[in-house]
Amino acid sequence: MARIFSGIQPSGELHIGNYLGAVKNWVALQHEHPAFFCIVNYHAITVPYTPEDLRRRTREMAVSLFAAGLDPARAVVFVQSDVPEHTELAWVFNTLTPLGELERQVQFKDKAGRQEQVMAGLLNYPVLQAADILLYLADIVPVGEDQVQHLELSRVIARNWNARFAPDAPLFPEPQPRLTPMRRIVGLDGQAKMSKSLGNTIGLLESPEAVWDKLRPAVTDEQRTRKRDPGEPERCRTVYPLHKAFSTPAVVAEVEANCRSAGWGCIDCKKALHASMTAELAPIQARAADLAARPMAVDELLADGGQRARRVARETMAVVRDRMGLDASA
Ligand code: SF4
């Protein structure tokens, strides 16, 4: 059965953009495929950080992932640095990757342009990403559109390694993207993709009161300036898409009708959204509170996931070392 791999940065508590754009899809996929979900802390150190903060954000991310529904009985959920084979395979792949391929990556150009000094780790980020995926011989990678270029590079690396070292029996599959159903969650400013660095997010674990404080001023259909003006749900870049994500089809139909007829003002519509969000997020928040109160249990779940991931990673690296002549002392 096709194997899935996906990773997420240890950015602390999930926000609803991560949840809708990635994690909710992972929760569904874990029932259909063998799956590996990784908190990619080696990637996180390619930009400035502090060790205490990274540790805290890693634990918070684990709590959010388990609370959102990743089930350790179904999927392997682990922290990247618990499996050192990620960096070993990344080094191997670095020796096969032309510099020009890395310099062309849009994400590198974007991130490098925002830093005074650019470290080699940032340039090599997509090579480590290829190692993350191929270490588990993953066939499918659930990604957002912004990661498609990196995944193409993973396929090129897999193809090159197979051609050079295992032409008779290719080891690595060429992983295919599975674009997430909710491709781009716009932030509450109605301008850019939801992102912590832009301050336009709602945290998955925020209280109903805090969520309302953020929803209330959220940008909607800007051509609708008075309550009696009919609106266009399709022009509403924040509240309507979130209704489609959180509300039942019956509520979404009600939103559409009342927006077009001016039966509801935007505040009425936001109240309905707030009720839908609270209904979905309340059980997640209860699970998160329970896990956060038991940090050792979270550590044990991650340690177990790390051991299961490492078993697979070791098998892959044994073949890689054998095929590349790196096992001379074995
Ligand atoms: Fe958006 Fe709802 Fe206002 Fe229509 S009524 S513009 S869907 S918030």
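**Entry 1: H11 and H13**

I started with this pair, and H11 passes H13 in a left-handed crossing (left-handed means that the near helix is turned anticlockwise from the far one by less than a right angle, right-handed that it is turned clockwise). The model I am reading is predicted, with local features needing pLDDT of at least 70 and side-chain atom pairs pLDDT 80 or more, while totals for chains, interfaces and linings use all residues. Residues are numbered from 1 along each chain as its sequence is written, and side-chain values use heavy atoms, with hydrogens and water left out.

Helix H11 covers residues 239-246 and helix H13 covers residues 266-292. I noted a packing angle of about 35 degrees, with the two axes 10 Å apart (axes are lines fitted to C-alpha atoms, for helices over the stretch in contact, and angles run from 0 to 180 degrees between N-to-C directions). On the H11 side, the contact is made by Val 239, Leu 242, His 243, Ala 245 and Phe 246. On the H13 side I listed Cys 269, Lys 270, Ala 272, Leu 273, Ser 276, Met 277, Glu 280 and Leu 281 (contact means heavy atoms within 4.5 Å). Sorted by class, this contact of H11 with H13 has nine nonpolar, two polar and two charged residues (Ala, Val, Leu, Ile, Met, Phe, Trp, Tyr, Cys and Pro are nonpolar, Asp, Glu, Lys and Arg charged, and the others, Gly among them, polar).

**Entry 2: the whole chain**

I then stepped back to the protein chain, which has 14 helices and five strands (DSSP runs numbered from the N terminus, H or I of at least four residues for helices and E of at least two for strands). Its radius of gyration is 22 Å, close to the 20 Å that the globule rule gives for 330 residues, so the chain is as compact as a globular protein of that length (the radius is taken over C-alpha atoms, and the rule is 2.2 Å times the number of residues to the power 0.38). Along the principal axes, the C-alpha atoms fill a box of roughly 80 × 45 × 40 Å.

Of the 330 residues, 49% are buried (under 20% relative accessible area, with exposed over 50% and partly exposed in between, for a 1.4 Å probe and protein chains only). I also looked at contacts with a separation of 6 or more: 78% of them join residues 24 or more positions apart.

**Entry 3: H8 and H9**

Next came helix H8 (residues 125-134) and helix H9 (residues 148-165), which pack at about 65 degrees with their axes 9 Å apart. H8 and H9 are therefore roughly perpendicular (65 to 115 degrees, against under 35 for roughly parallel, over 145 for roughly antiparallel and oblique for the rest). The crossing of H8 and H9 is right-handed.

H8 brings Tyr 125, Pro 126, Gln 129, Ala 130, Ile 133 and Leu 134 to the contact. H9 brings His 150, Leu 151, Leu 153, Ser 154, Ile 157 and Ala 158.

Gln 129 lies in H8, and I count it as buried because its relative accessibility is 15%. Beyond its neighbours within four places in sequence, Gln 129 is in contact with His 43, Gln 147, His 150 and Ser 154.

Leu 65 sits in helix H3 (residues 51-68) and is buried at 1% relative accessibility. Not counting residues up to four places away, Leu 65 touches Ile 8, Leu 14, Val 23, Trp 26, Ile 39 and Leu 70.

Ala 68 is also found in H3 and is buried, at 9% relative accessibility. I checked Leu 204 in particular: Ala 68 and Leu 204 are 136 residues apart in sequence and 8.8 Å apart in space, C-alpha to C-alpha.

**Entry 4: loop residues**

Ala 262 is buried, with a relative accessible area of 19%. Leu 137, not a glycine, has a positive phi of about 50 degrees and lies in the loop between H8 and strand S4 (140-143). Leu 137 is partly exposed at 27%.

My last stop was Asp 221, in the loop between helix H10 (208-215) and H11. Buried or exposed? Asp 221 is buried, with a relative accessible area of 3%. Leaving out residues up to four places away, Asp 221 touches Gly 231, Glu 232, Arg 235 and Cys 236. Asp 221 and Arg 237 are 16 residues apart in sequence and 7.1 Å apart in space, C-alpha to C-alpha.
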